[in-house]
Amino acid sequence: MIKTLREYIQDAQNKAVAIGHFNISNLEALHGIYNGAKKLSAETGELIPVIIGVSEGEENFVGLDMVYDMVHSIRDEHDYPIFLNADHHSSFESVKNCIDVGFDMVIIDAVKLPHDENIKITKQCVDYANEVNKNTGRDILVEAELGFIGSGSYIKETIPEGAGILTKPEDAKDFVTQTGIDLFAPSVGSIHGLIKSGKPHIDADLVKQIAEITKIPLVLHGGSGLRDEDFTNAIKAGICIVHINSELRLAYRDAVEKSIEEHPNEITPAKILTPAVQAIENIVFQRLKLFNHV
Ligand code: G3H
Ligand code: ZN
């Protein structure tokens, strides 16, 4: 019997492990992620939950209804704990749209707006999700962020300016109290994207302080390229979900490039793209192993 995402997050907290959140914009990536998670489940004899993220900029490409149907068919027909998140959505309307389609969780990312506006829009999303939950018996979770995590899962030459501005525990507490969010994404040292000159360290002490003061599950964004010990320390300190995107994008791109180079006359998409699915599967498998201390 599949539990709710809230229950899997609670389990993760109890076991001091983290659920992997991986972004997709096409079917191959979904296959790769599901295969990687299933492989680890088979190895451990335990169903390893996984979250599929669709960002605002990619939802038209992948198709909201289509991704909902794909994820739900895996969950309902294959009894696998796979969940769908509207990743970094910037307006109430786009969050509402994903809730209405049937997403399990949403991230309202209004961090670029003035603080009061961020609180107002985040609260509006929370109120709407609560109303839908009450009327339908669903259990949609709302996440929001505070602080600088950078934007965009792409390759960056250097660490962007502002990366040193970390979330203050008291600010986190006020934000969580005022908005009523279920999950909180603080700025604790990681940055979205793969940074050529290296990634900053995660401040695990800060994670711990924020977890203690907010008393809600914490989410780590910008996971690509971090050192293993940064993940394990952050998870030990209270991170329950870890986001990975750029690593999958890069692996996909490299695999497609190699596949075409090695087989210049191949025109069958399934053959060209199989190595890309495998590349994603491998990364997801390795990352989930680490997040679950296997
Ligand atoms: O929401 C997406 C993530 O935070 C991904 O970050 O591209 O550094 O893995 P990343
Ligand atoms: Zn993110």
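Predicted model: local features only at pLDDT ≥ 70, side-chain atom pairs only at ≥ 80, totals over all residues.

I started at the end of H6, where Gly 137, just after the helix, takes a positive phi of about 80°.

Next I checked the length of H6. With 22 residues at 1.5 Å a residue, H6 should span 32 Å, and its end C-alpha atoms are 31 Å apart, which agrees.

Then I looked up who is buried in H6. The list includes Ile 119, Ile 121, Cys 125, Val 126, Tyr 128 and Val 132. I also found Asn 118 and Asn 133 among the buried residues there. The buried residues of H6 pack against helix H5 (92–101), strand E4 (105–108), E5 and H7.

That sent me to H7, residues 169–179, where Pro 169, Ala 172, Phe 175, Val 176 and Thr 179 are buried. Why do they sit on the same side of H7? They cover an arc of only 125° around the axis, so they share one side. Their packing partners are helix H6 (115–136), strand E5 (141–146), strand E7 (183–186) and helix H8 (204–214). Just after H7 I noted another positive phi, about 75°, at Gly 180.

Last stop: the zinc ion (ligand 2). Which protein donors does it have? I found His 88 (NE2), His 192 (NE2) and His 221 (ND1), lying 2.1 Å from the zinc. His 88 lies in strand E3 (82–89) and His 192 in the loop between E7 and strand E8 (194–195), so this pair ties together parts 104 residues apart in sequence. I checked burial too: His 88 and His 192 are both buried.

Terms used
Residues numbered from 1 in each chain as written. Chains lettered and ligands numbered in written order. Heavy atoms only, no water. Buried < 20%, exposed > 50% of the residue type's maximum accessible area, 1.4 Å probe, protein only. Helix = DSSP H or I, 4+ residues; strand = E, 2+ residues; numbered from the N terminus. Arc of directions from axis to C-beta. Contact = heavy atoms within 4.5 Å. Expected span 1.5 Å × (residues − 1). Donors = N, O, S within 2.8 Å, 3.2 Å for Na, K, Ca; no water.
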